[in-house]
Amino acid sequence: MSQDTSPAVRSFPRDFAWGAATAAYQIEGAWNEDGKGESIWDRFSHTPGRIETGETGDVACDHYHRWREDVALMQELGLKAYRFSISWPRILPEGRGHVNRAGIDFYSRLVEGLLAAGIEPFVTLYHWDLPQRLQEAGGWPARRTADAFADYADVVSRSLGDRVQQWMSINEPHISALIGYGEGRHAPGHRDQHEALAAAHHLLLAHGLAVPILRANSPGAKAGIAIDHHPQTPASSDPADEAAARFADGVTNRWFLDPLAGRGYPDDIRGAYGDDMGFVRDGDLDQIAVPLDFIGINYYARNIAGARGHSSSTVSPSGEYTEMGWEVYPEGMFDTLTQVHSMYGFPALYITENGAAYADAVGPDRQVHDPRRISYLRRHIEQVHKVISLGIPVRGYFAWSLLDNFEWSFGTSKRFGLVYVDFETQERILKSSARWYQGLIQGNALV
Ligand code: FCB
């Protein structure tokens, strides 16, 4: 690591991957163009009542047509890395079988464009847009979806593996399974605890099946997964609240990290679920525990866990919240990284998402001033720096998100971008946070 030049300047390692992240369904649009198949998010957003604003992702940021302009913005920002996801039904419209050449070509051109701009592509294979046909055949609660994912990983890595060197299998298996199949707030909108647990298992299995394929087709590449991590603060020192925090940690964090690290599912949570988990077959846990080159962590906020709900008199949240209603708690970034490192010791860590939604607006000067986002990013990145100073191998940071986009069930009402998007005209405007981030990347230091 390079040395700080003064106490006020916090430098980052020379090859630190400063990036921004997006996901296919949230930005691409072109939902039924050039042979793309329907995804569960197309179906979900077209179902009345599912998206708060009544919107769909049919157009979103129209990135499918405007990707050159978007790569130019990334270049202007000085990004070293860009994390994006591939739309499975754009590659395999029915989920398996017939390969849509136009889909491959789109991502191939994007990768070429990024490399030409000096930006390293970090590719996520699955960021929630399952082909609808596979959902109709059982979706993630069905084991064959994991097998289909392995075939999909093979097709993509055969096509892009010569140029892409950083792969993530799945984004946030926890959210995908529990919110999509357990709580119903995400596609496919089911509410069934057993389905959610089976889905979680098959998402992890899909990851385990895909990683060796990625390595075989993409020699020298690094493979990982992106998980959402939620540090849990007990609402008080009452043992019941501490137990609630331990339980919440198990459900949201350990249930995914333990099997990825070769420890199987945590017994305390397994017992509490009381599910027979007959979907776990011999050998699955070994497959899931395939060694990772890195773990990607998405961190946004902590959770206050209490035996009697989430309110408390002893732990007072900072009082600062984002437009999502999420507490701003930068120390949680430190807790997350140090906890994951000390508990599991993966060879490298990336922050694959971190950011905040605010109600940004274009001012009379046609500029978008977002000081609260700058403050959010700065304070979280300070914590990342602190973690690196301890010698913990954090290799990169991806701001969520490059662009304001389609924020799932909230539609375009929640703006997370460094770049403002006018969804009527598709005009892009760099927010002040984008300028701030540009300066940070240029100096490779927080000043
Ligand atoms: C994460 C998702 C990402 C975005 C952010 C705000 O859970 O991975 O797509 O929605 O939250």
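Predicted model: local features only at pLDDT ≥ 70, side-chain atom pairs only at ≥ 80, totals over all residues.

**Stop one: the ligand.** From H127, a polar side-chain atom sits 2.8 Å from a ligand oxygen atom. Do the like for E407, where a polar side-chain atom is also 2.8 Å from an oxygen atom of the ligand. For N171, the distance between a polar side-chain atom and an oxygen atom of the ligand reads 3.0 Å.

**Stop two: the largest pocket.** Bring up a surface here; the space comes to about 1,100 Å³. To centre your view, pick I175, I179, R185, H230 and W326, which are the closest to the pocket's centre among its 42 lining residues. Next colour α8 (173-183), α10 (239-260) and β9 (303-305), the elements that each give two or more residues to the lining. Helix α8 supplies the largest share, with 6 residues. What does the lining look like by residue class? Count 20 nonpolar, 14 polar and 8 charged residues.

**Stop three: helix α9.** Select residues 193-217, a run of 25 residues. First C-alpha to last, α9 reaches 36 Å, close to the 36 Å expected at 1.5 Å a residue. Zoom in on its start, where a side-chain oxygen of D192 comes within 2.9 Å of the backbone nitrogen of H194. Then slide along to A210: α9 bends there by about 25 degrees, and the proline P212 follows within four residues.

Conventions. Residues numbered from 1 in each chain as written. Heavy atoms only, no water. 1 Å grid on protein atoms, 1.4 Å probe; cavity = no way out; pocket = protein on both sides within 12 Å on 5 of 7 lines; lining within 4 Å. Points joined across faces, edges and corners; volume = space filled by probe spheres on them. Nonpolar A, V, L, I, M, F, W, Y, C, P; charged D, E, K, R; others polar. Expected span 1.5 Å × (residues − 1). Bend = angle between axes of the 7 residues up to and from the residue. Polar contact = N/O pair within 3.5 Å; in protein donor to acceptor, adjacent residues only side chain to side chain.
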